[in-house]
Amino acid sequence: MIMKITRSLPVVFVLSLPVVSALAADDTTGGSTVDTSNWKCESCPFEKAGKTGSIDLGVGYVSNDSFKFGEYTGLNEKGGYLVGNAELRLRGDNAYYWNLNAYNLGLDSRELQAEGGRQGKYKLLFDYDELPHFISDSASTPLLGTGTNSLTLPPGWVRAGSTVGMTALAGNLRETDLDTKRKRLTVGADFITDTRWEYSVKVRHETKEGTMRVGGAFFFTATQLVVPVDYTTDQLDVSASYATSKWQTRFSYYS
């Protein structure tokens, strides 16, 4: 059951397509002047200087624990959750603008976006998002030190070539969750000059942490191991492009 409350700011509309068609038909019959003072917009959105936006706020409830159900959303545990989304659009004079968006604020899959600048001149970008991956909540292992770089067998372990001969296996199994979480931050900027050149730079920082399973083998013996996930990735993308009415070219650097 989800209860949702929505609050929207005023939105302005422009001329609808059927009215435009009527204008064209009238113009071909006699060329008379059409009085448009009483026309009202009905279906086409039109943005003028000012701000518009909306807010979604409510609560949601999940009836059962399930890693598969909430695999990439964060709806993996039984209980209540916040439903939170927001959008805000700002339009100023001289083509200045800002778009602000927030999604899934109450979940592990939340995202924040901001984009703004001056149309035809420059654009600034900010993007932050999180993405969970709930792999399994029913995994078990006899190894000690799961989630670390050191895995050891428990004391009194009975070695064997297969699980049939491992008499201490059942008494040493421990449940462990397998899941990861990725966090990514992106900032960038685009610049357009009056000389047909356009420049762009974008920087991304990403981290990922958690635990996952990998296969391990020694000759004819194989097993699955629970290993830690902990990495950081930094990415840089810089480009310059030049365009004319007949051709265009682009130079870029990526690392």
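## An exposed lysine and its partner

Lys 68 is exposed, with a relative accessible area of 65%; in this report, buried means under 20% relative accessible area, exposed over 50%, and partly exposed in between, for a 1.4 Å probe and protein chains only. Lys 68 forms a salt bridge with Glu 71, and their closest N and O atoms are 3.0 Å apart. A salt bridge is a side-chain nitrogen of Lys or Arg within 4 Å of a carboxyl oxygen of Asp or Glu.

## Basis of the report

The model is predicted: local features need pLDDT of at least 70, side-chain atom pairs count only at pLDDT 80 or more, and totals for chains, interfaces and linings use all residues. Residues are numbered from 1 along each chain as its sequence is written, and side-chain values use heavy atoms, with hydrogens and water left out.

Helices (H or I, at least four residues) and strands (E, at least two) are DSSP runs, numbered from the N terminus. Two strands pair if DSSP finds at least two bridges between them. Strand β7 (residues 111-118) and strand β8 (residues 122-141) run antiparallel and are joined by 8 bridges.

Side chains of opposite charge can pair when their charged atoms come close. How many salt bridges does a search of the whole structure find? The search finds 9. In one of these, Arg 182 meets Asp 129, with the closest N and O atoms 2.3 Å apart. This pair links distant parts of the chain, since Arg 182 is in strand β9 and Asp 129 in strand β8, 53 residues apart. Both Arg 182 and Asp 129 are buried.

Asp 129 also forms a salt bridge with Arg 184, at 3.5 Å from N to O. Because Asp 129 lies in strand β8 and Arg 184 in strand β9, this pair ties together parts that are 55 residues apart in sequence. Asp 129 has 9% relative accessibility and counts as buried, whereas Arg 184 is partly exposed at 21%. Elsewhere, a network of salt bridges links Asp 108, Arg 110, Glu 130 and Lys 181.

## The surroundings of Ser 136

Ser 136 is found in strand β8 and is buried, with a relative accessible area of 10%. A polar atom of the side chain of Ser 136 lies 3.2 Å from the backbone nitrogen of Ser 138. Apart from neighbours within four places in sequence, Ser 136 is in contact (heavy atoms within 4.5 Å) with Phe 67, Thr 176, Asp 177, Leu 178 and Arg 213.

## Aromatic pairs

Rings of Phe, Tyr and Trp (its six-membered ring) pair if their centres lie within 6.5 Å; planes under 30 degrees apart count as stacked, over 60 as edge-to-face and the rest as tilted. By this rule there are 4 aromatic pairs. Trp 197 and Tyr 199 form a stacked pair, 6.1 Å centre to centre and with 10 degrees between the planes. The pair of Tyr 242 and Trp 247 is tilted, because the ring centres are 5.7 Å apart and the planes stand at 40 degrees.

Trp 197 is partly exposed at 27% relative accessible area, and Tyr 199 is partly exposed at 37%. Trp 197, Tyr 199, Tyr 242 and Trp 247 form one aromatic cluster.

Technical notes:
A polar contact is a pair of N or O atoms within 3.5 Å; within protein, one must be able to donate a hydrogen and the other to accept it, and residues adjacent in sequence count only if both atoms are side-chain atoms.
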